[in-house]
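Please open the model in a viewer and keep the sequence panel at hand.

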Amino acid sequence: MSTEFKSGFIALVGRPNVGKSTLLNKMIGEKIAIMSPKAQTTRNKIQGIYTTDEGQIVFLDTPGIHKPQNSLGDYMVKTAMSALHEADVIWFIVNADQKRGAGDDFIINRLRETETPVNLIINKIDLIHPEELLAIIADYSQQMEFNDIYPISALKGDGVDELLNNAMANLAEGPQYYPADQITDHPERFIMAELIREKVLQLTRQEVPHSVAVVIDKIERQDDKHLHVQATIIVERPTQKNIVIGKQGAMIKEIGIRARRDIERLLGDKIFLETWVKVEERWRDKPQALQTYGYKEDSDFI
């Protein structure tokens with residue numbers, strides 16, 4: 001391997017629903033972070049790995065920074081903030097079609113305190129007139145000095161290749177942390193659970209808020225090409241359980257069909273997916289439940 005191989009960590013931070021996960025998936029070329037029109041979809045720090053012959057970038061996709069309403073929300077904000085200490089570069093992502101608000105200002109105040117270079121990524125430029133872009137750049141530039149500014153559309157892919165190429169070019173010389181064919185550091189069990197949770201959010205819309213967690217109870221290989229996966233969907237109220245199951249089981253069946261397709265596409269195996277729904281009241285405020293369902297705090301959280 002050439003001694004000029006480059007590597008580094010880039011943290012993606014921003015308010016909820018600014019397109020961080022969409023951008024990560026577009027850059028990696030696979031769905032490793034779930035997407036939903038609902039805010040606060042991402043709950044954990046997702047690592048996406050982008051590798052070329054030139055170098056390797058490890059992206060940290062963080063939960064949207066917001067005012068916590070429960071212990072889960074507090075965990076999510078701490079997770080996002082902890083990424084500021086782990087990254088070589090921070091990408092502060094904002095929506096082009098939304099005015100700078102209190103949430104953006106809160107993040108900017110924290111970014112001013114870090115010595116890590118910060119790039120401003122203005123996403124969703126496909127939703128505005130090109131002439132509006134200069135005013136957005138001027139507004140944010142008055143708040144703090146950014147290392148660089150990139151207008152993009154993560155959904156359409158506009159500007160993403162340039163963003164990636166420039167990011168790679170500006171990395172310092174470093175080791176290859178992961179194998180070239182690895183796209184995430186998360187185990188298959190985590191990805192499976194996230195894809196199932198995504199389908200619940202997409203199909204139930206506002207009927208079932210963010211009181212949903214998914215646990216993979218069992219993964220059993222039946223043969224070289226088939227996996228048997230058992231999963232439990234956790235909700236907080238019996239009415240939510242009824243919604244997730246649906247009339248004569250129609251909703252839970254559709255959730256399973258869509259999740260199975262994504263899991264099969266990602267893993268390359270045929271999946272037999274069994275799902276159950278369990279009620280655990282106020283699990284988002286129970287430390288033991290948060291630990292059980294995969295929301296564990298690192299000791300170095302700020």
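Begin with the largest nonpolar core of this predicted model. This core has 26 residues, and those with the most contacts inside it are Ile196, Ile216, Val229, Ile233, Val244, Ile255 and Leu273. Colour next the elements that each supply at least two of its residues: helix 6, strand 7 (213-221), strand 8, helix 8 and strand 9. Helix 6 provides the largest share of this core, with 8 residues.

Now select Leu273 and display its surroundings. Beyond its neighbours within four places in sequence, Leu273 is in contact with Ile196, Val229, Ala231, Gly256, Ala259 and Arg260. Apart from this core, a second one of 25 residues can be selected, including Ala11, Leu84, Ala87 and Ala96.

Move on to helix 8, residues 250-267. Its 18 residues should span 26 Å at 1.5 Å a residue, and the distance of 26 Å between its end C-alpha atoms therefore agrees with expectation. The buried residues of helix 8 are Met251, Ile252, Ile255, Gly256, Ala259, Asp262, Ile263 and Glu264. They pack against helix 6 (188-204), strand 8 (226-235), helix 7 (238-245) and strand 9 (270-279). Just after helix 8, centre the view on Gly268, which adopts a positive phi of about 75°.

Finally, select Lys199 in helix 6. Is Lys199 buried or exposed? Its relative accessibility is 5%, so Lys199 counts as buried. Leaving aside neighbours within four places in sequence, Lys199 is in contact with Lys31, Ile255, Arg258, Ala259 and Asp262.

Definitions and conventions. Residues numbered from 1 in each chain as written. Predicted model: local features only at pLDDT ≥ 70, side-chain atom pairs only at ≥ 80, totals over all residues. Heavy atoms only, no water. Helix = DSSP H or I, 4+ residues; strand = E, 2+ residues; numbered from the N terminus. Expected span 1.5 Å × (residues − 1). Buried < 20%, exposed > 50% of the residue type's maximum accessible area, 1.4 Å probe, protein only. Contact = heavy atoms within 4.5 Å. Core = buried A, V, L, I, M, F, W, Y, C linked by side-chain atoms within 4.5 Å.
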